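Here is a short briefing on one protein chain.

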Amino acid sequence: FGLGLLAGLAAFFLPCIFPMVPLTVGFFTKRAESRAKGIRSAIIYGLSIILIYVGLGVIITLIWGASALNQISTDGFFNIFIFIILLIFGISFLGAFEIMLPSSVVNKLDAKSDSKGLGGIFFMAATLAVVSFSCTGPLIGTSLVAINTDLLTPIVVMFGFSLSLALIFTTFAIFPSLMTGLPKSGGWLNAVKVVLGFLELGLSLKFLSTADLAYHWGILDREIFLAIWIVLAILLGVYLLGKIKFSHDSDLPYVSVPRLFLATASFVFAVYLIPGLWGAPLKAVSSLVPPLSTQDFVIGEGSGVSSTADHSGKKKKYADFLHIPHGIDGYFDYEEALAYSKEVNKPLFLDFTGHGCVNCREMEAKVWSDKNVLKRLKEDYIVVSLYTDDKTALPESEQFYSKVLKTQVNTVGKKFQHLQAERFGTVAQPYYVLLDTKGEVLVSPPIGVEYNIDTYLGYLDKGLSEFAKRK
C-alpha cells in the first residue's frame, strides 16, 4: 500500500499528469452551479479515479489468481520478462520513445467527459487514466512486480496509487486557490521522468539477478551488478548537474538547490557501493544485490559462505551451487541435515528461503549478522537452508507428483516447497522452523520476517530450552 502511495505521488509530478491540474480545476469550476455541488463533483471525481484503478487491480487478480501470481513471481523466465519490461519502461522514461494507448480510445473518453451528470465526471477520470498512461503505466507495472505477489497485492497497490492521485486532484478541485502555490510546468517535469527512468533501469537488474541465481547461469555476479549500479548512479548525478541532456530536456541555465542535493545523494550512493566490489557487505542494499557468494574477489576473511563438505569429508548435497552466508557450516537437504542432527544430538534450524526472496537477504544481513544470533546458529543448531525457488532439475528417480502443490516436483526448489507446504501449510519465505532430532517442531508457531534481534534471539533460545527438556 505504501509503495502504491509513493508511486501515485511520483506520478503526479510527471509531465503526463501535472499539466492536467489546471484543466481539471477549470472543468469543475465551469460545471459548478454552487460551491456545494462543486465539492460533491470533486469528491465523485476522486472516487472515480480510485474505482478505475482498483478495478484494474481486481481484473489482474481474477486473470492470474492467487496461486498463479505466487508461482510466477518466483519463476526464472517470468523474472526475465519483467526485466525486459522494466528495461523498456526505463528507456521510455529517458525519452527514447513514448508508450501510448490508441488515440481513438482517448478521443472517445474525452468526448463523453463533456456530458452532464455523474457519467461525465466518471469519464473525465477515465480520460485522466488513459491520457497519463505513458507515465503511470511504467510506475504501476514497477510497483506491482517490486514485491512478492499474492491475491491482494494488485488491488492494494492500485488502491494506494489511485488514493494519492485522487486526494491531490480532489483537493485542488475543491480549493482552486491552492494552485497558485504550484510551480509552473516546465523542463523540471521531464527531469522527474528521467530520474525515474534511471531508477527503473537499476531496479530491473534485480529481476535479472533473481533468474540468474535460480538457474545458476552466472551472468550477473555481485561485482558486475554493483558496477552497473555505480555507473547508473554516477550518470544520474551528472545528468542532474546538467552535463547530460536527453531529447525532451530543456536548457538548464543554472543548477537549482534541489537538483544539487539530489545529485550529491546520487554520487554518495555510488561511493557507498564501491567498497562492495571488494566484498563490503553493503547492508543498506543487501536485499537487492546478489549474495556475496557470487562474488569472485573478496578482500578479508573470504566470502563467508558455507563449506561444501561435511565433517567426514563427504560432499554435501547441493553444496556445489547453494550457499549459506556468514560462514555458517550448514546443509541444503532436509534428510541429510536431519541425519546429522541425530548423530551430533543438536536441534535443527530449517531456513526456508529463496534466491529471489528480498526479505530473506534482509534477515541474513541485519539479523543473522548479529554476533549473538550468529553464535547460536553456528554452535547450537544444525542449519539447513532449503531454497524453494531453485530450478536445478532433480534426477528422474527423485521426481514425484505433489498433491498439495498440484504439480510435478521436478526441481530442487519444488522438492522443498512441497516439504514446506505439506508439513507447515505455507509457501512463504523466509520461514524459520526449529526441530528436534526426530523432526518434531520445538517452538510453535514458527516465525518468518522478524527484524527485532532480541525477539529472534528469544525464539532461538526457546528452541534450545525445549530441546534440553526433551533430551
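Predicted model: local features only at pLDDT ≥ 70, side-chain atom pairs only at ≥ 80, totals over all residues.

On the α11 side, the contact involves Leu226, Trp229, Ile230, Ala233, Ile234, Leu236, Gly237, Val238, Tyr239 and Leu240. They meet Arg259, Leu262, Ala263, Ser266, Phe267, Phe269, Ala270 and Leu273 of α12. By class, 15 of the residues in this contact are nonpolar, two are polar and one is charged.

**Geometry of the helix pair**
- Two packed helices are described by the angle and the distance between their axes.
- Helix α11 spans residues 222-240, and helix α12 spans residues 257-273.
- Their axes come within 8 Å and cross at roughly 160 degrees.
- Because angles over 145 degrees count as roughly antiparallel, α11 is roughly antiparallel to α12.
- The crossing of α11 past α12 is left-handed.

**The chain as a whole**
- The protein chain has 17 helices and five strands.
- Of its 471 residues, 48% are buried.
- Among contacts with a separation of 6 or more, 70% are between residues 24 or more positions apart.
- The accessible surface is about 22,000 Å², and carbon and sulfur atoms account for 65% of that surface.

**Glutamine 420**
- Glutamine 420 lies in helix α16, residues 412-424.
- Its relative accessible area is 0%, so glutamine 420 is buried.
- Leaving aside neighbours within four places in sequence, glutamine 420 contacts Phe352, Thr388, Gly425, Thr426, Val427, Ala428, Gln429 and Tyr431.

How values were computed. Residues numbered from 1 in each chain as written. Heavy atoms only, no water. Axes fitted to C-alpha atoms, helices over the stretch in contact; angles between N-to-C directions. Helix = DSSP H or I, 4+ residues; strand = E, 2+ residues; numbered from the N terminus. Parallel < 35°, antiparallel > 145°, perpendicular 65-115°, else oblique. Left-handed = near helix turned anticlockwise from the far one by under 90°. Contact = heavy atoms within 4.5 Å. Nonpolar A, V, L, I, M, F, W, Y, C, P; charged D, E, K, R; others polar. Buried < 20%, exposed > 50% of the residue type's maximum accessible area, 1.4 Å probe, protein only. Areas by Shrake-Rupley, 256 points an atom, 1.4 Å probe, with all protein chains shown as cover.
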